[in-house]
Amino acid sequence: MIEMAENAKNHPPDLNAAFDIVAIAASAGGLTAIVKVLSTLPGKFSAAIAIVQHLAPEHPSFMAEILSRRTDITVKQAQEGDSLTPGTAYIAPPNRHLLVNGDGTLSLSQSELVHFLRPSADLLFESVAATYKDRAIAVVLTGTGSDGAMGVEAIKKMGGTVIVQDVKTAEFSGMPSAAIQTGNVDFILPLNEISSTLVTLVMGEST
């Protein structure tokens with residue numbers, strides 16, 4: 001883990017960060033898992049975070065408000081045209097795909113469902129991979145189904161890093177298992193180790 005972080009420092013510096021973005025995907029059981037990951041990130045975390053959590057499309061989401069109370073980083077529901085900012089987490093709104101554009105801004109889309117889902121982790125990961133290449137980290141947390149598995153392959157193809165929650169600590173194993181089965185995973189970690197690993201990779205620091 002430390003060795004990978006040191007190697008990553010050889011990339012051109014961007015606020016001294018080794019990575020520009022962390023894309024997180026979760027479904028069933030995801031809110032608890034996302035709180036666990038974000039709650040111990042430092043407010044000065046030097047990458048932006050984009051989050052897809054599968055939500056009921058017909059109900060407003062209070063995820064941003066819930067997460068804001070439990071972390072030192074800034075959390076907001078993503079809006080069309082937002083510019084990715086280090087230390088800020090952007091949550092996909094219900095019934096919208098969240099996509100990262102080549103200029104570091106966000107797009108929201110109501111294009112067709114992907115594997116019966118909107119938002120889709122696969123679409124987020126694929127857009128992140130295309131834009132940030134080896135400066136991207138994808139994280140797959142608890143959830144049913146296989147969303148994120150295709151996106152994980154895109155992240156790895158472009159030189160990015162993939163972290164998956166160990167299924168033994170996942171409330172629902174479908175999404176983590178599907179990602180692991182692609183063979184494109186760098187770290188399989190218990191939930192309580194993901195945050196510290198992100199800090200080490202992104203900032204070259206140990207917590």
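Colleague: Which side chain does Asp20 meet in a salt bridge?

Modeller: In this predicted model, the partner of Asp20 is Arg135, with a distance of 2.8 Å from N to O.

Colleague: Where do Asp20 and Arg135 lie?

Modeller: Asp20 belongs to the loop between helix 1 (2-8) and strand 1 (21-26). Arg135 belongs to the loop between helix 4 (121-132) and strand 7 (136-140). The two residues are 115 apart in sequence, so their pairing ties together those parts of the chain.

Colleague: Are Asp20 and Arg135 buried or exposed?

Modeller: Asp20 is buried, and Arg135 is buried as well.

Colleague: How many salt bridges are there by this rule?

Modeller: The count comes to four. Among them is the pair formed by Asp82 and Lys76, whose N to O distance is 3.0 Å.

Colleague: What is the relative accessibility of Lys76?

Modeller: Lys76 has a value of 25% and therefore counts as partly exposed.

Colleague: Turning to Lys168, which residue forms a salt bridge with Lys168?

Modeller: That residue is Asp166, and the closest N and O atoms of the pair are 3.3 Å apart.

Colleague: Is Lys168 buried or exposed?

Modeller: Lys168 counts as exposed because its relative accessibility is 72%, and the cut-off for exposed is over 50%.

Colleague: And what is the relative accessible area of Asp166?

Modeller: For Asp166 the value is 14%, so this residue is buried.

Colleague: Why can side chains pair in this way?

Modeller: Side chains that carry opposite charge can pair when their charged atoms come close.

Definitions and conventions: Residues numbered from 1 in each chain as written. Predicted model: local features only at pLDDT ≥ 70, side-chain atom pairs only at ≥ 80, totals over all residues. Heavy atoms only, no water. Helix = DSSP H or I, 4+ residues; strand = E, 2+ residues; numbered from the N terminus. Buried < 20%, exposed > 50% of the residue type's maximum accessible area, 1.4 Å probe, protein only.
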